[in-house]
Amino acid sequence: MFNEWQGQVSIGLLLLLLGVFPSSSFAGETLTDLGLPLSSLEISKHAITIFPDGSNLPAGQGSVQEGKALYQNKCMMCHGEKGIEGPAARLAGSDGWFSFSDPLRILRIDKNPVLLISVGGLWPHATTIFDYTRRAMPHFAPKSLNNNEVYALTAYLLHLNGLVAQDLVLDKQNLPKVSMPGKERSVLAWPE
Amino acid sequence: MLKTKTIKPAAAGGLLDRRSFLLSGIVLSSAYSLKAVSAPKAGEGRIDTDMPAWAKTPGHNDIEYGLPSEYEKHIKRVQAKSSPETATFSMWHTPIENQRGIITPNGLHFSVNHNGIPEIDPQQHTLRIHGLVEKPLKFDIESLLRYPMVSAIHFLECAGNTAPNAVSLTALDQDCQELYGQISGAEWSGIPLKFLLKEAGVKPEAKWVVVEGADGGSHSRSIPIEKLMDDAIVALYQNGERLRPSQGYPMRLFLPGWEGNTNVKWLTRLEVTDTPAYTKDESGLYSDILDSGKIQRFSFTMDVKSVITHPSGKQTLPDKKGFYEISGLAWSGHGKIKTVEVSADEGKTWAKAHLEGLVLSKSLTRFTIPWRWDGSATTLLSRATDEHGRVQPTRALWREKYASYSFNHYNGIQAWYINSDGRVENTYV
């Protein structure tokens with residue numbers, strides 16, 4: 001019994017050395033082909049990522065003023081009136097311990113340490129605001145906003161940071177052109 | 001008491017040479033002394049006179065899914081304070097000071113969730129690959145379970161592990177679980193992602209893959225294609241059983257050695273691209289702010305790090321003085337741990353610790369060293385070096401590189417202050 005088992009192992013090893021076992025060919029051709037074709041239509045339904053150059057931004061538009069009303073309704077209870085009070089992520093202003101525009105900052109951080117960092121201070125591309133708001137906000141009802149509403153909220157958040165005028169109407173053309181302070185400060189530990 | 005004649009010191013402060021310690025055949029009298037057993041009365045003839053109750057009754061039956069002993073109920077994860085305090089954004093810390101070896105039990109594995117834990121029906125879950133590929137593909141769970149699988153033991157660490165020591169001006173009196181609870185070790189089994197990417201046919205211009213989860217927030221990170229074609233796994237199993245929902249059931253991306261946030265849970269979509277997307281987390285929370293004010297992005301790898309878990313913060317040494325085995329964990333996202341040194345005199349002298357059990361690449365590595373405490377106040381430190389010669393920096397050296405409020409990727413040397421009454425406290429040296 002033992003010899004028989006040993007014999008099988010030896011044959012197995014021999015086959016492996018000769019490259020007969022299929023697993024030895026993974027380095028080159030793939031053996032696995034169980035994936036099913038994914039149609040363009042299905043891709044378009046699921047590909048929700050917006051890129052920094054604006055690619056994949058949808059049609060639609062929204063104004064700073066429309067965004068303000070939406071913000072007061074759906075965002076302010078977590079992010080605060082000016083986007084700096086928390087408890088949820090700081091949306092406006094610089095990052096760090098102190099700021100002249102927010103004398104109470106250190107007290108806010110003591111209560112909510114994540115307020116050390118800020119969307120307006122760190123994020124390098126305005127397109128990410130649209131992307132994240134559309135996929136994840138509001139926290140209690142993610143993906144419940146339509147494209148026009150997301151444009152409007154993005155416009156208002158950019159305005160809270162003093163990056164766009166209060167009469168701006170945001171769309172797929174002008175959103176990628178908004179310049180964010182976080183871009184200038186970026187260094188990449190992994191090259192693009 | 002220790003028989004110390006033949007035991008050589010390894011460094012000052014009572015650190016002992018392990019070999020001479022083992023050869024000395026020491027007897028820990030307090031732990032192992034034999035109790036005098038009263039002889040049974042003549043004529044009784046029964047052996048149950050001096051036995052505990054559980055040795056004299058039949059035990060109970062087993063249950064379908066086993067649980068720890070009632071006496072170990074206090075060993076559990078603890079939810080860290082977070083802002084905002086909601087169930088959807090939560091950080092659950094592992095009690096690593098109660099762990100031995102290098103594997104964290106699944107129910108105790110740390111978990112950080114930005115948008116809550118989805119309850120996914122695996123029959124309705126799909127993994128999609130598209131973008132810069134020859135054939136966009138989708139996979140259901142039945143198909144994926146038929147693919148060739150690999151298993152590997154690796155640590156997983158949140159980029160923000162030990163953040164309090166990175167930013168707090170004074171050392172907070174916290175325990176190992178609070179300071180180091182965002183690390184765990186497990187055996188992850190699943191499909192090398194390169195099998196699936198090759199099946200789809202990655203185009204030559206592909207450089208990044210935007211990876212997405214199926215949770216409420218559609219968590220998303222951009223990952224360089226080199227890593228995904230190297231050792232990335234679509235993990236379906238953790239420590240021999242299917243993933244728990246809080247670890248990404250039915251499947252997660254596992255990137256050995258890379259910050260936890262990139263190991264996307266509830267994996268559902270891979271978009272192959274030539275550029276990163278600058279998703280929410282790579283834009284802000286998971287960047288490092290440097291001392292120069294620059295924002296460092298895509299610093300994926302968790303650097304070499306270690307911590308003494310036995311003894312550690314908030315514990316009290318039971319005996320005023322005497323023998324203890326110092327034990328801890330070391331790890332590096334770059335490869336294997338080569339050495340761990342321990343100091344029992346605030347870093348003046350160091351001794352090499354023994355690496356116990358498996359020493360694996362990008363895995364928790366257990367270290368131990370015998371120590372005879374003389375009962376005076378002292379400070380214990382551990383310093384790990386990996387196979388590439390990367391050495392843990394001091395806290396001060398780490399701080400020089402980053403802005404005072406930057407807290408990710410902290411890997412400074414941990415110091416535990418031992419008070420003369422035996423209480424252990426987090427400290428900076």
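**Notes on the A/B interface**

1. Starting with charges: the rule picks out three salt bridges across the interface of chain B and chain A. Keep in mind that this is a predicted model. One salt bridge to look at joins the side chains of Glu42(A) and Arg128(B), with N to O at 2.9 Å.

2. Polar contacts come next. Between chain B and chain A there are 30 residue pairs in polar contact, counting pairs with both residues at pLDDT 80 or more.

3. Now the overall extent. In contact terms, 61 residues of chain B meet 53 residues of chain A. The area buried between the two chains comes to about 4,900 Å², and carbon and sulfur atoms supply 61% of that. Within chain B, Lys138(B), Tyr278(B) and Tyr405(B) lose the most area to chain A, together 13% of what that side buries.

4. Lys138(B) turns up again in the strand pairing. Which residue of chain A has Lys138(B) as its bridge partner in E5(B)? That would be Leu36(A). The strands involved are E1 (residues 36-37) of chain A and E5(B), which pair in the antiparallel sense over two bridges.

Technical notes:
Residues numbered from 1 in each chain as written. Chains lettered and ligands numbered in written order. Predicted model: local features only at pLDDT ≥ 70, side-chain atom pairs only at ≥ 80, totals over all residues. Heavy atoms only, no water. Contact = heavy atoms within 4.5 Å. Buried area = accessible area lost by both parts, 1.4 Å probe. Salt bridge = Lys/Arg side-chain N within 4 Å of Asp/Glu carboxyl O. Polar contact = N/O pair within 3.5 Å; in protein donor to acceptor, adjacent residues only side chain to side chain. Pairing = 2+ DSSP bridges. Helix = DSSP H or I, 4+ residues; strand = E, 2+ residues; numbered from the N terminus.
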